[in-house]
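Okay, thanks for making time, everyone. I'd like to walk you through one model today, so let me put it on the screen.

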Amino acid sequence: GVVTALLNTNLTGERLAHCVGEAKPRAWIVGVELLEAATSALTHLDSVPPIFTADLGATDAGSASTAQTNELHSLDEQLAQTPIRPIPEAIHAARRGGDLLFLIYTSGTTGMPKAARISHLKAALAGMAAWKSQQLGPSDRTYCCLPLYHTAGGVMAVGGALMAGGSIAVARRFSASQFWSDCVRYEVTSFQYIGELCRYLVNSPAHPDERRHRIRTVLGNGLRPDVWEAFQSRFAIPRIVEFYGATEGNLALLNLTGRVGSVGQLPGLVRKRLGIELVRFDVEREEVVRDGSGACIRCETDEAGELLIKISPQTRFEGYTNKAATEKKILRDAFVAGDAYFRTGDLRRMDADGFYYFVDRIGDTFRWKGENVATSEVGEVISVDPGVDEANVYGVAIPGQDGRAGMAALVVNAGFDLERVAKAIHDGLAPYARPVFLRLLPQMEITGTFKHRKVDLVGEGFDPGRIADPLYFRDPSLGRYVPLDATLHEAIQSGRVRL
């Protein structure tokens with residue numbers, strides 16, 4: 001009956017305190033190597049739960065000095081003093097599949113993380129999906145280098161291996177240089193990926209073990225079309241199972257056929273039975289489009305719209321610990337009075353065969369020159385350049401201009417050529433989709449699942465007075481990028497420069 005809140009091990013201070021506060025825990029178990037990070041949150045907490053850590057004697061005194069010593073306890077001593085006895089049968093008998101098992105936090109790409117409620121049933125279904133979709137068995141060995149505090153690593157990878165009766169090799173963190181050696185050393189037959197992990201591997205130098213492995217299937221999400229085929233071909237991956245699902249979501253999609261770029265397929269009868277809909281979405285107003293009677297308007301084939309999933313006994317929405325945040329994810333009276341749908345917050349499109357494809361996250365897509373700009377599309381065009389290691393695309397406001405101008409924050413390497421990137425942007429994107437601004441970052445701020453954080457970048461905009469990084473402006477009269485200094489910035493802000 002115990003509920004565990006899985007904390008992001010990269011968080012410190014106020015953000016970590018927020019997550020602890022959402023859980024309202026009776027106790028906090030902290031690895032000794034994370035004790036200093038954990039204690040950085042204490043001053044931000046209204047009440048501090050007892051902190052238990054193993055090998056307390058090995059802890060650096062300086063690391064523990066910031067902790068409230070009356071709240072710090074040895075887990076080893078506590079366990080040694082606790083008698084071992086079976087859990088009473090009455091407790092077992094009272095448990096139900098809908099009981100809460102985990103709190104798993106969203107990545108916090110656009111603000112503070114939210115604690116999603118994960119029941120035993122939901123965790124079991126996620127593990128079962130990983131097991132069955134990859135046809136895992138007792139002889140299979142799964143490799144997981146993703147954080148166990150997120151659903152992909154901690155529920156799907158681990159759950160799939162447990163349900164199959166197989167085994168799992170857990171790496172403390174992802175390392176592009178060690179990845180294939182680990183897969184060979186531990187005789188891995190499957191691994192859990194996320195798209196950025198695959199892109200890092202594709203962009204890495206050749207490795208002697210990259211085709212010596214025994215991998216037969218991989219499962220994950222976010223594998224972009226521009227990386228998919230290169231990843232599968234270079235590393236000789238027989239089968240890729242791409243899925244779509246949100247931690248807090250009430251349904252997942254699975255691509256079992258290997259169609260490149262798709263997150264899954266559903267026949268029309270299944271879509272109707274489960275209440276899966278794509279509806280038109282106004283990206284400028286950031287709201288669904290309704291007809292004269294107030295009903296949402298369904299998308300045509302290959303038309304991008306927000307993916308909605310009906311909330312029903314078959315597709316339960318368990319929500320967050322925060323009721324207000326939970327309500328924001330529910331769209332009510334979508335088609336008939338009284339209905340309720342889970343809002344995925346994702347723009348998708350569906351082809352004539354019923355395959356779904358990712359378009360963009362709502363809030364990432366923006367309007368410029370009267371057109372919708374999908375940040376994912378812009379990012380794909382820029383990221384294929386060998387001089388660009390990472391690209392994070394977003395929209396920024398300019399006084400007197402409707403919509404938001406495109407901006408790309410780039411992490412580049414020694415092979416970066418601004419003119420070559422500018423040509424790729426010009427050749428590969430429509431005029432309205434070409435980034436107006438570029439920013440060169442020393443490194444990208446990412447979440448534990450390699451998602452790019454945008455909220456701070458959007459807030460900083462393109463002001464050289466606030467930003468020390470190199471900035472560039474795409475001069476429409478020249479058709480190329482020029483350095484953005486204070487004088488040019490003021491001219492853009494005042495409207496003297498035509499955009």
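Predicted model: local features only at pLDDT ≥ 70, side-chain atom pairs only at ≥ 80, totals over all residues.

Let me start with a definition: I say a charge sits over a ring if NZ of Lys or CZ of Arg is within 6 Å of the ring centre and within 35 degrees of the ring normal. With that in hand, look at Arg 348, which lies over the face of Tyr 244, at 3.8 Å from the ring centre. There's also Arg 298, whose charged end sits over the ring of Phe 335, 4.1 Å from its centre.

Residues are numbered from 1 along each chain as its sequence is written, and side-chain values use heavy atoms, with hydrogens and water left out.

Okay, the overall picture. The protein chain has 16 helices and 27 strands; these are DSSP runs numbered from the N terminus, helices being H or I with at least four residues and strands E with at least two. The C-alpha trace spans about 80 × 60 × 50 Å along its principal axes. For 499 residues, a compact globule would have a radius of gyration near 23 Å, and the chain comes out at 24 Å, which agrees. That radius is taken over C-alpha atoms, and the globule rule is 2.2 Å times the number of residues to the power 0.38.

How much of the chain is buried? Buried residues make up 49% of the 499, where buried means under 20% relative accessible area, exposed over 50%, and partly exposed in between, with a 1.4 Å probe and protein chains only. As for contacts, meaning heavy atoms within 4.5 Å, take those between residues at least 6 apart in sequence: 63% of them join residues at least 24 apart.

Next, two helices. In α1, residues 13-23, the buried residues are Gly 13, Leu 16, Ala 17, Cys 19 and Val 20. Seen down the axis of α1, they fall within an arc of 160°, so they line one face of the helix; the arc is that of the directions from the helix axis to the C-beta atoms. As a reminder, an α-helix has 3.6 residues a turn, so residues three or four places apart point the same way. The cover over that face of α1 includes β2, α2 and β5. Just after α1, Lys 24 takes a positive phi of about 50°.

Compare α13, residues 375-383, which is mostly covered, with seven of its nine residues buried. Among them are Val 378, Val 381 and Ile 382. What do the buried residues of α13 pack against? The list is β20, β21, β22, β23, β24 and α14.

On to the aromatics. There are 13 aromatic pairs in the structure, where rings of Phe, Tyr and Trp (its six-membered ring) pair if their centres lie within 6.5 Å, and planes under 30 degrees apart count as stacked, over 60 as edge-to-face and the rest as tilted. Phe 174 and Phe 179 are edge-to-face, 6.1 Å centre to centre with 65° between the planes. Phe 174 also pairs with Tyr 200, this time stacked, at 6.1 Å and 20°. Phe 174 lies in the loop between β8 and α8 and Tyr 200 in helix α9, so the pair ties together parts that are 26 residues apart in sequence. Phe 174 and Tyr 200 are both buried. One aromatic cluster takes in these residues along with others, including Tyr 143, Trp 180 and Phe 235.

Tyr 200 comes up again: its backbone oxygen lies 2.6 Å from a polar atom of the side chain of Ser 204. That's a polar contact, a pair of N or O atoms within 3.5 Å; within protein, one must be able to donate a hydrogen and the other to accept it, and residues adjacent in sequence count only if both atoms are side-chain atoms. Ser 204 sits in the loop between α9 and β10 and counts as buried, at 19% relative accessibility. Leaving aside neighbours within four places in sequence, Ser 204 touches Ala 176 and Arg 234.

Thr 82, in the loop between α4 and α5, has a side chain that reaches the backbone oxygen of Gln 78 at 2.6 Å. Thr 82 is partly exposed, at 40%.

Last stop: Arg 439 in strand β25. Buried or exposed? Buried, with a relative accessible area of 6%. Beyond neighbours within four places in sequence, its contacts include Tyr 394, Glu 460 and Asp 469.
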